[in-house]
Amino acid sequence: MEASIARADAVADLGAISFLNADLGRTQAAEIDAGLARRPKFYGLKPFLGVPFLMKDLGATAAGLPMICGSAAIERPAESVDAALTTRFRHAGLLPFGLTTVPEFGLALSSEPAIGPIARNPLDPSRTPGGSSGGAAAAVAAGIVAVAHATDAGGSTRVPAACCGLVGLKPTRGAMPGGPAFGNHIGGIAAELIVSRSLRDTAAALDHFAGAAEGPFPDPDLDGPLLASLDRATEPLRIGLCVDVAEGAPVTSERRAAIEHAADILRAAGHTIVPIEPERLAPLVRQAALVFDHVICVNLARSLSDFSRVEPLTRACAERGLGITARALQAAELGGVHVAHAMWRLFDEVDVLLTPMLSGPPLPIGSFPLDHGDIDLQWRRMTDFAPYATLANVAGTPALTIPHGVDAGGLPLPVQLIGPMASDGLLLRLARVLQRAAPWSFSTRIAGLPEGTN
């Protein structure tokens with residue numbers, strides 16, 4: 001914990017952390033030490049025993065870490081309570097001691113709230129670490145912590161992981177607890193878990209945090225325990241391969257090559273590669289974008305009582321939400337059902353879909369400003385950057401991004417795997433095949449670990 005606090009101070013210019021409670025961290029660490037001395041066998045069962053942890057300033061709340069969603073419109077509450085997911089974090093041994101930077105209400109694929117700080121990519125501080133879990137990804141990539149809380153309503157876990165060369169999983173809808181307030185479900189498109197440096201940590205997180213999720217969505221069978229089966233070979237699968245887009249910004253040649261290389265590895269491992277034309281996915285991407293727009297805007301209109309202190313784009317979204325009729329909202333949601341059904345039909349033909357995560361390298365700071373009211377421009381910029389991100393949110397399917405090499409500038413080349421609902425473990429096992437063939441590493445070690453480890 002002391003090493004994490006010191007590392008957070010040393011790299012404060014990255015803007016990864018928006019609120020730090022060092023005293024809380026030290027108190028929790030002391031409690032772990034005392035517990036280990038008293039009941040070593042019991043505490044030794046906790047998979048993340050004593051691991052420093054950062055919560056995102058959006059999503060599940062934590063006692064001692066008052067959330068404001070990156071907005072000046074929210075007064076930092078004097079007290080905060082643990083959400084159901086946070087309770088699971090603590091039971092597993094994680095020690096939350098700070099909040100990571102987000103764009104106001106998560107409305108960008110960067111993390112640059114007007115109230116500050118600006119989150120920067122540790123691999124190139126002139127570029128974004130992504131959003132809206134950009135601070136979380138920057139903190140993990142910079143070695144402040146090994147894992148950090150992340151949420152994903154439109155790529156907000158996977159995009160930052162992709163920008164920073166990390167592992168980012170959006171779990172199956174209904175896998176993770178969302179209570180007691182259920183405030184971040186936003187129509188079922190949001191999911192929470194972590195960003196990490198390893199498939200091992202993500203698998204362990206899914207094992208210990210998923211399941212028995214009381215709430216409005218089904219609790220899927222995730223075929224666990226996942227960590228124990230991470231290296232288990234899968235049966236021969238049909239891998240749908242889509243390397244580009246039909247609309248919007250094209251995927252760069254280096255990123256297409258990375259996806260094709262990943263497909264070659266899977267083919268060599270005994271899987272069948274099935275080409276999927278971008279034109280087939282294009283109407284689903286468009287419909288998913290409409291669902292995202294309506295759900296986000298209506299949620300902001302419902303949540304905000306005072307539009308005067310929010311950033312211009314947030315205000316525009318809330319005002320749009322006020323104008324969306326019940327009929328239009330339901331029509332959009334029904335469109336989302338059709339997206340989910342179309343994805344199920346696709347998974348009758350293939351078992352897993354391999355796609356680009358990003359169309360290009362992490363964008364420069366300032367690429368997703370919120371100082372304007374052009375909502376459609378913002379959504380278009382986001383889709384151009386992460387063309388197949390929102391598809392999994394609307395369909396409810398799991399989606400995983402991992403690094404698969406670096407480009408000429410030394411920046412990550414991420415790939416994305418999407419599978420049918422409850423195939424989270426399958427995606428992790430396939431990713432393990434890719435990792436063994438093309439391992440990744442980090443230039444900075446995690447705070448508190450011995451020299452030579454990363």
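**Figure 1. Lining of the second largest pocket in the predicted model.** Helix 7 gives the largest share of the lining of the second largest pocket, with 3 residues. The model shown here and in the other views is predicted. Helix 7 covers residues 199-209, and together with helix 1 (2-10) it belongs to the helices that each supply at least two lining residues. In total, 21 residues line the second largest pocket. Those that lie nearest its centre are V51, A146, D201, I446 and L449. The pocket has a volume of about 430 Å³. Sorted by class, its lining consists of 13 nonpolar, 5 polar and 3 charged residues.

**Figure 2. Helix 10 and the helices it packs against.** Helix 10 runs over residues 312-323 and has 12 residues. From its first C-alpha to its last, helix 10 reaches 17 Å, close to the 16 Å expected at 1.5 Å a residue. Its buried residues are L313, T314, A316, C317, A318 and G321. The packing partners of these buried residues are helix 9 (278-303) and helix 12 (375-385).

**Figure 3. Helix 14, a largely enclosed helix.** Helix 14 is made up of residues 424-437. At 1.5 Å a residue, its 14 residues should span 20 Å, and the 21 Å between its end C-alpha atoms agrees with this. Buried here means under 20% relative accessible area. By that criterion 12 of the 14 residues of helix 14 are buried, so the helix is largely enclosed by the rest of the structure. The buried residues begin with D424, G425, L426, L427, L428 and R429 and continue with L430, A431, R432, V433, L434 and Q435.

**Figure 4. The protein chain around the close-up views.** The protein chain contains 14 helices and 11 strands. Its radius of gyration is 20 Å, close to the 22 Å that the globule rule gives for 454 residues, so the chain is as compact as a globular protein of that length. Taken along the principal axes, the C-alpha atoms fill a box of roughly 60 × 55 × 45 Å. Of the 454 residues, 59% count as buried. Among contacts between residues at least 6 apart in sequence, 76% join residues at least 24 apart.

Conventions:
Residues are numbered from 1 along each chain as its sequence is written. This is a predicted model: local features need pLDDT of at least 70, side-chain atom pairs count only at pLDDT 80 or more; totals for chains, interfaces and linings use all residues. Side-chain values use heavy atoms; hydrogens and water are left out. On a 1 Å grid over the protein atoms alone, a cavity is a set of points where a 1.4 Å probe fits but cannot get out, and a pocket is an open set with protein on both sides within 12 Å along at least five of seven lines; lining residues have an atom within 4 Å of a point. Grid points are joined across faces, edges and corners, and a volume is the space filled by probe spheres set on the points. Helices (H or I, at least four residues) and strands (E, at least two) are DSSP runs, numbered from the N terminus. Ala, Val, Leu, Ile, Met, Phe, Trp, Tyr, Cys and Pro count as nonpolar, Asp, Glu, Lys and Arg as charged, and the others, Gly among them, as polar. The expected span of a helix is 1.5 Å times one less than its number of residues. Buried means under 20% relative accessible area, exposed over 50%, partly exposed in between (1.4 Å probe, protein chains only). Contact means heavy atoms within 4.5 Å. The radius of gyration is taken over C-alpha atoms; the globule rule is 2.2 Å times the number of residues to the power 0.38.
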